[in-house]
Amino acid sequence: MGMLLKNRVIRTILFSVFFLQIGIWVRNYSILLYVIEKTNENPIAVSLISVAEFAPIFLFSFIGGTFADRWKPKKTMIWCDLLSAASIFVVLLTLLFGSWKVIFFATLVSSILSQFSQPSGMKLFKIHVPEEMVQLGMSMYQTLFAVFMILGPILGTYVYQQFGINAAIGIMGVAFVLSAVILLLLPPDEEVEKKEEKPSIWLEMKEGFSYVLTRRSLTLLGACFAVAGLALGLTQPLTVFLVTEQLGLPKEQLQWLMAAFGTGMILGGGLTIGIAGKVKPQLLLSLGMGASAVGFMIMGVSEQFWLTLSAEFLSGLFMPCVHIGINTLILQNTESAFIGRVNGILNPLFMGAMVLTMSISGWLKDTLSLVVMFEAAALLFALGILTMLPLIKQKAVPVAKIEKA
């Protein structure tokens, strides 16, 4: 752990992510509460926030990943943070002198820019972090995200209720600027040899798809991604019905299930840091998928609040294993020149599968039953483990030497 925190890249990225998460969660909850207040809880207006947040993942993830492979990662991340901050301050000025509806623009621009910044951060991990530290570094990275899953909603709600939307937007902008300033501490970007003729962006996109399709480890990981997305999409919109129908409790009790899941994630992140250097990422991912299968199976049949709560905690406890295992496998099995494009292909695969089953989960619940839905999700997670078996049997062979920081 001491050696890891001495690594300049990991330390800087974690510090930058800390401020980014403050800006993102203040943005998400302040804007949500503001729109609810302005529209008298109009469901269409509220849903547009989610569209502004998630649509760029489909539209820009692969494009952003392709450009992340072409551009210098440090420079890309700094510019993305500065442009996010600039868009936030433009929104603030417009709010003061114009229409409140421009608030959607803040979420949209920030979400688009993150599709360029996030794969650049992954690329920096690949270039500068020693191979034996990658999984441990990813564990710390995911633990920070888990902490904000609990504290983020509280922070965003508090800022809006105490200081209002103008102050909240100001805090967002400052957080993005601070993230950019911290990124200046990263090592300089490597100078790439200039080629006489640079390939077109379309050719590089095509090369990205070919790269994934011709590497068995990445296609298996893509299949695992898709299966996990299908499972989560089936159940995510229906969790409230576990409380109201299965347990016969008021819908407000849902908050305790979410708290149990989030608490499990924080503890799981800490535990995963302890074992990250000793367990292969394939096994870590399979362990997370197996625990999720057991958790969802219990949730589907449980009629006791304490048992459902325990199942949520179990799923949260092992969820960091899924995230850390996937990110580590991507880094281990991908050359640095393709990190952005591989990330840009696999992420939309997961999101697309999740949105697909989310869109039909309500109809399936009425047609089948809540129990069938959660048991089906458990089976899908078990299927995900089967897709990983070939990877579990193989030895981890890095595709390229990782330059030590």
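Two residues are in contact when they have heavy atoms within 4.5 Å of each other. With that in hand, here is what turns up in this structure, which is a predicted model: local features need pLDDT of at least 70, side-chain atom pairs count only at pLDDT 80 or more, and totals for chains, interfaces and linings use all residues. Residues are numbered from 1 along each chain as its sequence is written, and side-chain values use heavy atoms, with hydrogens and water left out.

The protein has 14 helices and 0 strands, where helices (H or I, at least four residues) and strands (E, at least two) are DSSP runs numbered from the N terminus. Of its 405 residues, 52% count as buried; buried means under 20% relative accessible area, exposed means over 50%, and partly exposed lies in between (1.4 Å probe, protein chains only). Among contacts between residues at least 6 apart in sequence, 89% join residues at least 24 apart.

Next comes the nonpolar core, a set of buried Ala, Val, Leu, Ile, Met, Phe, Trp, Tyr and Cys residues joined through side-chain atoms within 4.5 Å. The largest one holds 102 residues, and Ile103, Ile169 and Leu285 touch the most other members. Helix H6 (residues 131-183) supplies the largest share of this core, with 20 residues. Setting aside residues up to four places away in sequence, Ile169 touches Ile88, Val91, Leu92, Leu95 and Ile103. A second, separate core has 5 residues, including Val109, Ile112, Leu113 and Phe116.

Now for how helices pack. Two packed helices are described by the angle between their axes and the distance between the axes. Here, axes are lines fitted to C-alpha atoms (for helices, over the stretch in contact), and angles run from 0 to 180 degrees between N-to-C directions. H6 and H12 pack at about 145°, with their axes 9 Å apart. Their crossing is right-handed; a crossing gets that name if the near helix is turned clockwise from the far one by less than a right angle, and is left-handed if anticlockwise. On the H6 side the contact is made by Glu131, Val134, Gln135, Met138, Ser139 and Gln142, and on the H12 side by His323, Ile324, Asn327, Thr328, Leu331 and Gln332.

Thr328 sits in helix H12 (residues 305-332) and is buried, with a relative accessible area of 0%. Its side chain reaches the backbone oxygen of Ile324 at 2.7 Å, a polar contact (a pair of N or O atoms within 3.5 Å; within protein, one must be able to donate a hydrogen and the other to accept it, and residues adjacent in sequence count only if both atoms are side-chain atoms). Beyond four places in sequence, Thr328 touches Val134, Gln135, Met138 and Pro281.

Leaving aside neighbours within four places in sequence, Pro320 is in contact with Met265, Gly268, Gly269, Thr272 and Gly325. Pro320 and Ile273 are 47 residues apart in sequence and 9.7 Å apart in space, C-alpha to C-alpha.

The axes of H5 and helix H13 (residues 339-367) come within 9 Å and cross at roughly 130°. That makes H5 oblique to H13, since angles under 35 degrees count as roughly parallel, over 145 as roughly antiparallel, 65 to 115 as roughly perpendicular and the rest as oblique. This crossing is right-handed. Ser117 is also found in H5 (residues 103-128), and is buried, with a relative accessible area of 10%.
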